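Biologist: I'm new to this one and would like a quick tour. Can we look at it together and talk through a few spots?

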Amino acid sequence: MKTDRDVGDMRGVTVNSFAEEAPSSGMAKNGYFYQEMEQRERDEQEEGSEDREEGQDSPIPSGDDVHLYGNQTHQGGTDSDVHGCVLLNTSRRYVKLMNFEEEVRAHRDLDGFLERACILLHEDEASLDDVLKTMLRHISQDPHTAEPGCNFEEIMSSLFTDAGSQEVNVHLLSETLQCVTATATGIQYQQSWLCILCNVKNLQRRHVCISRLDRPQNWGENCAEVRYVILILAPLKMKSTKTAMELGRTFASMFSDISFRQKLLESKTQEEFKEALVIQRYHLTAAKRKTTTVEEEETDPHSHKPLKCRDFFRVGRGIYEDLCRRLPFYPSDFTDGIVGNNKALVKYMTTSIFLYIAVLLPAIAFGSLNDESTRGEIDVQKTIIGQSIGGIIYSLCAGSPLVIPLTTAPIAIFISVIRGICDDYELDFAAFYACIGLWNSLFLIIGGVFNLSLLVKLFKRSIEEVIALFISIAFVADAVKGTVKIFHKYYHAPTLANSSIEELNRIIRGMPVGDMNLTGTLPESFILCTRARPLLCLLLMLGTLWVGYTLYQFKRSPFLHAKMREILSDCALPISVLVFSYVGSYVFNDIGLPVFDYHKGPVFRVAPLEKLTGASVLSAMGLGLLLAVLIFIDQNIVVSLTNAPENRLLKGTAYHWDLTLSGLINILMSVLGLPWMHAAFPHSTLHVRQLAIVEERVEGGHLYETIVSVKETRVTSLVANILIGVSVFLLPVPLQWIPKPVLYGLFLYIALTSIDGNQMCDRMALLLKEQTSYPPTHYIRKVPQRKIHYFTFLQMVQLLFLCAFGMYPLPYMKMIFPLLMFILIPIRNCLLPRIIDAKYLDIMDAQHM
């Protein structure tokens, strides 16, 4: 009988931080190796078991760094004889990661393995026993590792707890080494690899064999997705630095890095596999050296230094540090994934197509909205050209190339308000628009120069989630309003067009007197409205959403090959848009669908600023300040969400430079009469997800996705924006073949996919679930349930206020919307701690690991 579960009650375990020993930034900071040894207790061994445990050599010195945890259950009577029960002793020890900089043995172990490499790259066996038999057979047949006095069949049996026994059916591994992380949710196992240790009496030398399985295998608890098996064999009597445990520490330290395991997965030959091992050794050796030599930048919003007033008076310091941080990686932004072994051309191609569709269609939709509100001053053509110009500049010059700039719904609302002010006070729209944009750009540049992006430290996760969810709701609201407008216009009984009444009278007069009964159908030109049109629009919108989201989730299905599932998932949005554009424009071509308007005329026109008076310029300054607050908050929150720790971006951030660049781009947009733009949510986070390599893990019965690495490139956004510029030549046809309902379906798709990982949505869902189905998240374990619901309710109140002011029909109410977004910062940092304990707020704002 097994005495305890693998995680179990850990009250007897002390976990110490090893931040100084962590060899790689890709590893968890609080990870330890977890050794589990399970031994059968026999009646004849009970007398000597205690002595054996006391005299056993440990590769790690005992003390504060090592803590033993044992839990034993004893059963009396003859139950073991009747029911086949046995006693199983489970001993757990935490083992330190191997320090490749200080411990020489790590390098010697790896060099010895590289000389006699025993690597199996395409193991297709499904059971653990078959995999281990293949590995032992490979070791026995290798002439360089001959063991004449060793019986490998006995070694195979000694790997398990039922070795040499006929009556015991408990078939478990005797000694393993796994990496675990002490997270807020408990103990989390790395289940994609397994290191098996075995001390063999008749061995003459140590042996290491690594097997990479063709597909992940489920071998039980805490081994639900094994992809790598590391077999360590060592003689029974060895020097303390050469034991099986020490050798296992060396390779387990390397495999604990999730990005390294992904590189091994991409290796096609043994030479590439060994090369990856050598590179990983270099990274582990240089990791600690790098942490001690590189000082933390003073103006990095992600640094842990407290915010001080003097930081805002280091003029230009933030921009300088951003450029120093990012410029060394500038060439690699173009070559990663294109030059070298790890090419990602297919992923780049699918991501560029995704961005092209995901950016072009909102540009058409917001351009159509601007066309209606400004009466043609800013139309679809200008919006597409502005998107292309601004996007190309941003992709070439930005410090965060994965961020996507876009004209957004709040910008479109702001432009409509400016049009109303110009009509009320008889101002020239082009001049007043340009003046507001220039003031806005000035404030943004000043914000970048004086390091105002350091205020990002005050943006807690809950604030970012409220604003992100508001943007998603805004996309849904635009789709719903557009659909309701179509129903209001067309959904009523068929009526005659005005020009068809006289024609109908003429037909009636020409008919014989005795045949005045009108049977059959009227010509289509006679009919103004039918119910088929709005119903078709509704089906096209929902169909675009359904097909797109179904294909997006297709990568989690068991159908087709993994690579094909990934391609279909990456191309979900383009496929859905093309399919339903074809359905609406060709299959139902007899039903007229609403499309955007197109105006021919000059694209660029310099704004006549001389038409403005001094009072107009001063009033434009106030509006420019409000617009700058809106762009400042959106820009920094989107960059923060894009560079979130769980995305594992490695090339650094550039908050101050990106804010300054947004100001410079909007100068050009303002003067030429093009729509303003800034970093857009959720396009930027979706861009990261498209370029990410994801690993799935199982924890507490729930499936989680972990980003292994992201291709940080400028190529995808650059290609997408160039294609958007070329799309100007596709106006009006074939772009007008994309009906407006398909655009609304795109909005719903973007809104739905953007809420993945939004913790606020997860906590709102708890209100509808029974407690037994709550997921094992960190806040469920550490925060009282009532406090969780209080916090969720307060977030929902903030969200309602944002929606009320941001979507209120009165235009002047929308003007204070940027200030309301800024007020969320003191609400979270000053007001909420008076309602809910600060320690609970910090837990709920923490990242889920």
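**A short tour**

Modeller: Let's start with Ser569, which is in contact (heavy atoms within 4.5 Å) with Leu551, Tyr552, Lys555 and Gln690, leaving aside neighbours within four places in sequence. This is a predicted model, where local features need pLDDT of at least 70, side-chain atom pairs count only at pLDDT 80 or more, and totals for chains, interfaces and linings use all residues. Residues are numbered from 1 along each chain as its sequence is written, and side-chain values use heavy atoms, with hydrogens and water left out.

Biologist: Is Ser569 buried or exposed?

Modeller: Ser569 sits in helix α18, residues 562–570; helices are DSSP runs of H or I with at least four residues, numbered from the N terminus. Buried means under 20% relative accessible area, exposed over 50%, partly exposed in between (1.4 Å probe, protein chains only). Ser569 has a relative accessible area of 2%, so it is buried.

Biologist: How far apart are the C-alpha atoms of Asp333 and Glu712?

Modeller: Asp333 belongs to helix α10, residues 332–335, and touches Glu712 among others, including Lys651 and Arg714. Asp333 and Glu712 are 379 residues apart along the chain, yet their C-alpha atoms are separated by 6.3 Å.

Biologist: What is the mean pLDDT of the chain?

Modeller: pLDDT is the predictor's confidence in each residue, from 0 to 100. In this chain, 80% of residues reach 70 or more, and the mean pLDDT is 78.

Key:
Helix = DSSP H or I, 4+ residues; strand = E, 2+ residues; numbered from the N terminus.
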